[in-house]
Amino acid sequence: MGENTRHSLDEFTFGGDGLFFDPIGQPCVLIGTVEFQNFCHVLDESFDTPLGRRLIYAATDGEERSLHDQKLFQFGRWFGRRRVERALQQRAKSMGWGWFEGQQILSPAHDGLTVGFLLAHAEHLTKSRFELEWNQRSPELIQIILNPKQGAMVPAPRAHRLNWSDTSEAGSLVGRINLELDVRDAAFFSGEARSFFLPIDVLHHLISGLRGRPVRKMPSLSIAHIAEEFEEPEVFAAVVHAAIGAYKRTEYPIFLQAKEDWNGHLQSRLTSRGFGTVEVQKSPLDGDDSTRFLIRSPVPALVAGTLLGMWQRAHGKRCVVSFDLEPSGLVVEVREPAVDY
């Protein structure tokens, strides 16, 4: 499997400011396969219609746009296709998605995502569109059936970025993180968790596709306030809720005695995986009446949900939360619920 390609992280950028970039310069995050599966499961439960196909096509559209203007993946009418096919196999392997071979995926990191990525690669190589069917033969093998579509190949649309979808400070790279991964054949592990690099644009496409869809009630998230300027506040709340749910299914311990104790946890769970930075501006541990976080992240809604899950685990209490957008980033203020006697 993958004998003609190497698995190297040398061409990635892992910034000390919590911004990661893949070998073609696209922003990405490092995420666990189970973690992402849990996030998608809770997000799916928040809406009345399934997200399965929407996730596949978010991966396809995001990957197509990533490949479109990259010289490495361009080829002529008669020459270069085999070279690009090898480069695409290398990309899938380096990102930790699995091994793409023809119309099958070996050791997929995530079923729907990897199917979407392979579809994007197949359409890029043939310069044509396909109808997609797929068959999960086993956890380690997915077979794809591609049937040609009629008509011209219309370019994939850009994702509509909501005004809360990215609060990172582009170009603020400070130092580098020495990322420690256990690299295996077509997969790698961060700690004991199989992980992969998820392009940020895929998440933007997924979130963009949720606009206008009815959201079910989310009882685990008590929101006191979402600022008026938030576009699609219900979608924002659903993404936060899904990230809380994904975090709650982990066993990551968190103990706090002072505000500064947050720093190590935030570095480990967020900054060292490409999720940006979080500043703890206030904390009851230092005598304040609430905890106030400032998030600068390419995916701030996911970070907000993770923070709320961490806060609840650390304090052992339910919380009431407010969200505001400021020029400096997403502000999350967390309080204990008022007791009504």
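Student: In this model, how many residues of helix α5 (residues 200–208) are buried?

Tutor: The model is a predicted one, and burial in it is judged by a relative accessible area under 20%. The buried residues of α5 run through I200, D201, V202, L203, H204, H205, L206, I207 and S208. Helix α5 is accordingly described as mostly covered, the count of buried residues being nine of its nine.

Student: Which aromatic residue forms a stacked pair with F14, and why does the pair tie together parts that are apart in sequence?

Tutor: A search of the whole structure finds 12 aromatic pairs, and one of them joins F14 to F197, with 5.8 Å centre to centre and 15 degrees between the planes. Planes under 30 degrees apart count as stacked, so the 15 degrees of this pair places it in that class. F14 lies in strand β1 (residues 13–14) and F197 in strand β10 (residues 193–199), so the pair ties together parts that are 183 residues apart in sequence. The partner of F14 is therefore F197.

Student: Are F14 and F197 buried or exposed, and which residues form the aromatic cluster that holds them?

Tutor: F14 has a relative accessible area of 4% and F197 has one of 0%, and since buried means under 20%, both residues are buried. The cluster that holds them is made up of F12, F14, F20, F188 and F197.

Student: In what order do the five strands of the open sheet lie?

Tutor: The edge strands, each pairing on one side only, are β11 (222–226) and β12 (277–282), and the twist averages 25 degrees from one strand to the next. The pairing within this open sheet is mixed, and the order of its strands is β11-β14-β15-β13-β12.

Student: Do β11 and β14 run parallel or antiparallel, and what is the bridge partner of I223 in β14?

Tutor: Four bridges join β11 to β14 (residues 320–326), and these two strands run parallel. Along this pairing H225 stands opposite S322, while the bridge partner of I223 is V321.

Student: How many bridges join β14 to β15?

Tutor: A hairpin through two residues joins β14 to β15, and L325 stands opposite L330 in β15. The two strands run antiparallel, and the number of bridges that join them is seven.

Student: Which helix packs on the sheet, and what angle does its direction make with that of β11?

Tutor: The helix that packs on the sheet is α6 (residues 233–248), which touches β11, β14 and β15 (329–335). Taken between the direction of α6 and that of β11, the angle is about 140 degrees.

Student: Over which rings do the charged ends of K127 and R269 sit?

Tutor: The charged end of K127 lies 4.3 Å from the centre of the ring of F75, over which it sits.

Student: Where is S107 found, and which residues is it in contact with beyond its neighbours within four places in sequence?

Tutor: S107 is found in the loop between β5 (104–106) and α4 (111–126), and its relative accessibility of 12% means that S107 counts as buried. Leaving aside neighbours within four places in sequence, the contacts of S107 are W97, G98, E140, A186, A187 and R194.

Notes:
Residues numbered from 1 in each chain as written. Predicted model: local features only at pLDDT ≥ 70, side-chain atom pairs only at ≥ 80, totals over all residues. Heavy atoms only, no water. Pairing = 2+ DSSP bridges. Axes fitted to C-alpha atoms, helices over the stretch in contact; angles between N-to-C directions. Contact = heavy atoms within 4.5 Å. Phe/Tyr/Trp six-rings, centres within 6.5 Å; stacked < 30°, edge-to-face > 60°. Buried < 20%, exposed > 50% of the residue type's maximum accessible area, 1.4 Å probe, protein only. Lys NZ or Arg CZ within 6 Å of the ring centre and 35° of its normal.
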